[in-house]
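Have the sequence and the 3D view ready.

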Amino acid sequence: MIRPVQQLPSDSTPADLSAYYRDPPDGVRVNMVSTLDGAASFGGVVGPLSDPTDQNLLLTLRGYADVVLVGAGTARAERYGPVKLSTAQVAERRARWGAESAPAIAVVTHTGRLPASLFADAGAPPIVVTTDAVLGAAPQLAARADVVLAGDASVDLPAALTALRARGLRRILCEGGPTLLDELVAHDLVDEMCLTLSPTLAATPATSRPGAPALAAPVRMALGHAMTVDDYVYLRYTRERGPRP
């Protein structure tokens with residue numbers, strides 16, 4: 001069966017978009033952005049691949065989560081800090097779930113290397129998901145964060161999620177990065193995938209070929225068509241008109 005893709009106007013508000021995501025799963029919802037050639041970042045960060053609508057979606061999904069799960073590498077690159085919600089989000093969370101606070105940030109780390117930005121608000125300490133070995137090497141973490149131990153030498157993700165759920169944090173929003181997503185998928189822990197397909201190409205030094213330098217900026221593409229067939233999405237993107245650099 002072929003179903004048309006609904007197109008929202010360019011001036012859609014976050015409220016217009018949020019109507020499509022108000023039913024979070026009791027489990028792990030992943031929110032990621034990807035370029036057409038499969039890159040999840042450019043220059044180590046997501047910003048060049050995103051736009052205001054995608055950024056609003058990220059903020060919207062946080063309002064429907066009990067906890068935001070992120071890998072330490074992404075937390076460092078994007079300078080993660082405590083989650084901030086709008087007045088409307090706070091009111092909706094209180095009315096629907098009796099939640100009185102914003103979702104905590106839960107950072108998965110195998111090394112204990114965390115950005116200072118995570119600790120910007122002493123009243124909202126992060127949850128640090130790590131191992132016995134890391135806590136043994138950095139016992140000061142226990143004084144600055146809510147530590148969840150899941151494994152001896154490497155993080156046991158199924159055990160970590162079980163521990164979060166035991167705390168009543170059942171709606172888990174994962175914001176990446178790719179390594180953490182791969183681990184979640186490998187353990188069959190993903191319940192929902194919210195993927196923003198960025199209309200860009202973003203070859204990086206890691207994927208460049210000899211004699212072909214990395215791009216100076218992502219290449220913008222234009223949507224030719226979008227169809228769904230039996231829940232598969234088929235997108236055709238073409239290069240936008242205009243001179244090549």
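Which residues of the largest nonpolar core touch the most other members? Bear in mind as we go that this is a predicted model. The core has 26 residues, and those touching the most other members are Tyr21, Ile105, Val107, Leu114, Leu118 and Leu141. Several elements give two or more residues to this core: helix 2 (52–62), strand 3 (67–71), helix 3 (72–77), strand 4 (104–108) and helix 5 (132–137).

Setting aside neighbours within four places in sequence, Val107 is in contact with Val70, Gly71, Ala72 and Ala75, with Leu114 and Leu118, and with Ile127, Val128 and Val129. Apart from the core that holds Val107 lies another one, of 23 residues, which include Val129, Val148, Leu161 and Cys174.

Leu161 takes us to helix 7, which spans residues 157–166 and has Leu157, Ala160, Leu161 and Leu164 buried. Viewed down the helix axis, the buried residues of helix 7 fall within an arc of 95°, so they line one face. The spacing makes sense, because an α-helix has 3.6 residues a turn and residues three or four places apart point the same way. Turned away from that buried side, the other face of helix 7 carries Thr162 and Ala166, which are exposed.

What covers the buried residues of helix 7? Strands 2 (28–34), 3, 4, 5 (127–130) and 7 (172–174) are among the elements that do, together with helix 8 (178–186).

Finally, look at the two ends. At the start of helix 7, a side-chain oxygen of Asp156 comes to within 3.1 Å of the backbone nitrogen of Ala159. After the helix comes Gly168, with a positive phi near 85°.

Key:
Residues numbered from 1 in each chain as written. Predicted model: local features only at pLDDT ≥ 70, side-chain atom pairs only at ≥ 80, totals over all residues. Heavy atoms only, no water. Core = buried A, V, L, I, M, F, W, Y, C linked by side-chain atoms within 4.5 Å. Buried < 20%, exposed > 50% of the residue type's maximum accessible area, 1.4 Å probe, protein only. Helix = DSSP H or I, 4+ residues; strand = E, 2+ residues; numbered from the N terminus. Contact = heavy atoms within 4.5 Å. Arc of directions from axis to C-beta. Polar contact = N/O pair within 3.5 Å; in protein donor to acceptor, adjacent residues only side chain to side chain.
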